[in-house]
Amino acid sequence: MGRSELPVSRAAGQALSPPRRSVLLGALGAAAALSAFARPAAAAAAAASAPVPYPLLTRADWGADESLRFAVGGAELWPPEFHPVQTLSIHHTADESSNPDPAARVRSIYRNDAVGAGKEYGDIGYQYVIDENGRVYEGRWSGTAGTVAHDSAGRLVTGAHIGGYNSGNVGIALLGTFTRTPAPAAARATLIQLLAELAARHSIDPLATVVYRNPISGVTRTVPAIGGHLDWAATLCPGTVHADLPAIRTETAGLING
């Protein structure tokens, strides 16, 4: 298993001040009208220049402690690695927190993922988190050259959300526990918008089944292009959202195709 799939353990960190991340996350916008599946290059260019249709909080906005990504001496614990997007995977955070401040909960998840015992990923595992109010939080650090979660070539930064299947797999987590209750309407609506934007940008058919191939290990798996954690592993994640995925895929495709 490559480093992209199993980050090294974290050493004690020290405070550093990396530059604020530039924000250029494309929205669906004109990309929908261009039909991403027929004209992917034009659709991706339009998406990258359009404003986002939902509130987006950068790592600086939600208060990410960037020192957690670094070891003593300043070395980045898990430098960003990038691969073309193949699939989009949905999670719920199942953090069981009662904190009314969503940003504080994202900070807690980040700390646990970055330095928590048994994880020690050196960063948050997801590329995106969506709170109950429909706000999107920038997840895994991807540098300053590209859009959120991407490099300047449009490749996805590798996260740590599905063991063995992370590279080229977008991890989107709904903030909360939904093993018995449905996702909040605002979060679900934003999820569809984000899925549509990403699917259009990366020429992914939301209704398709794909053969994912891990570019690091070579392992393959046949999965929905838009799936849930349960499609990859024996887990309760993403809770009730998994049963809702057929409708989410259909609504995402409808948004792309107008």
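Visitor: Which residue caps the N-terminal end of helix 4?

Guide: Asp101 does: one of its side-chain oxygens sits 3.1 Å from the backbone nitrogen of Ala103. That's a polar contact (a pair of N or O atoms within 3.5 Å; within protein, one must be able to donate a hydrogen and the other to accept it, and residues adjacent in sequence count only if both atoms are side-chain atoms). Helices (H or I, at least four residues) and strands (E, at least two) are DSSP runs, numbered from the N terminus. Keep in mind that this is a predicted model, where local features need pLDDT of at least 70, side-chain atom pairs count only at pLDDT 80 or more, and totals for chains, interfaces and linings use all residues. Residues are numbered from 1 along each chain as its sequence is written, and side-chain values use heavy atoms, with hydrogens and water left out.

Visitor: What should the 14 residues of helix 4 span?

Guide: The expected span is 1.5 Å times one less than the number of residues. For helix 4 (residues 102-115) that comes to 20 Å, and the end C-alpha atoms are 20 Å apart, so the two agree.

Visitor: Which residues of helix 4 are buried?

Guide: An α-helix has 3.6 residues a turn, so residues three or four places apart point the same way. Buried means under 20% relative accessible area, exposed over 50%, partly exposed in between (1.4 Å probe, protein chains only). In helix 4 the buried ones include Val106, Ile109, Tyr110 and Asp113. Helix 3 (59-62), strand 4 and strand 5 are among the elements that cover the buried residues of helix 4.

Visitor: How do strand 4 and strand 5 run, parallel or antiparallel?

Guide: Two strands pair if DSSP finds at least two bridges between them. Strand 4 (residues 128-130) and strand 5 (residues 136-138) are joined by three bridges and run antiparallel; Tyr128, for one, has Glu138 in strand 5 as its bridge partner. They belong to an open, mixed sheet of six strands in the order 1-5-4-7-3-10. At its edges are strand 1 (56-57) and strand 10 (226-228), each pairing on one side only.

Visitor: What does helix 6 lie across?

Guide: Look for contacts (heavy atoms within 4.5 Å). Helix 6 lies across strand 3 (87-92), strand 7 (169-174) and strand 10, at about 170° to strand 10. Such angles run from 0 to 180 degrees between N-to-C directions, with axes fitted to C-alpha atoms, for helices over the stretch in contact.

Visitor: Is His92 buried or exposed?

Guide: His92, which sits in strand 3, is buried, at 5% relative accessibility. A polar atom of its side chain is 2.9 Å from the backbone nitrogen of Phe178. Leaving aside neighbours within four places in sequence, His92 also touches residues including Tyr126, Leu174 and Cys237.

Visitor: How many salt bridges does the structure hold?

Guide: Side chains of opposite charge can pair when their charged atoms come close. The cut-off is a side-chain nitrogen of Lys or Arg within 4 Å of a carboxyl oxygen of Asp or Glu, and the structure holds 15 such bridges. Arg69 and Glu66 form one at 2.7 Å, N to O; Arg69 is buried at 1%, and Glu66 is buried at 15%. Arg135 and Asp131 form another at 2.8 Å; Arg135 is partly exposed at 28%, whereas Asp131 is buried at 0%.

Visitor: Which parts does the salt bridge between Arg188 and Asp244 tie together?

Guide: Their closest N and O atoms are 2.6 Å apart. Arg188 lies in helix 5 (residues 185-201) and Asp244 in helix 6 (residues 241-257), so the pair ties together parts 56 residues apart in sequence. Elsewhere, shared partners join Arg59, Glu66, Arg69, Glu76, Asp123 and Arg140 into one salt-bridge network.
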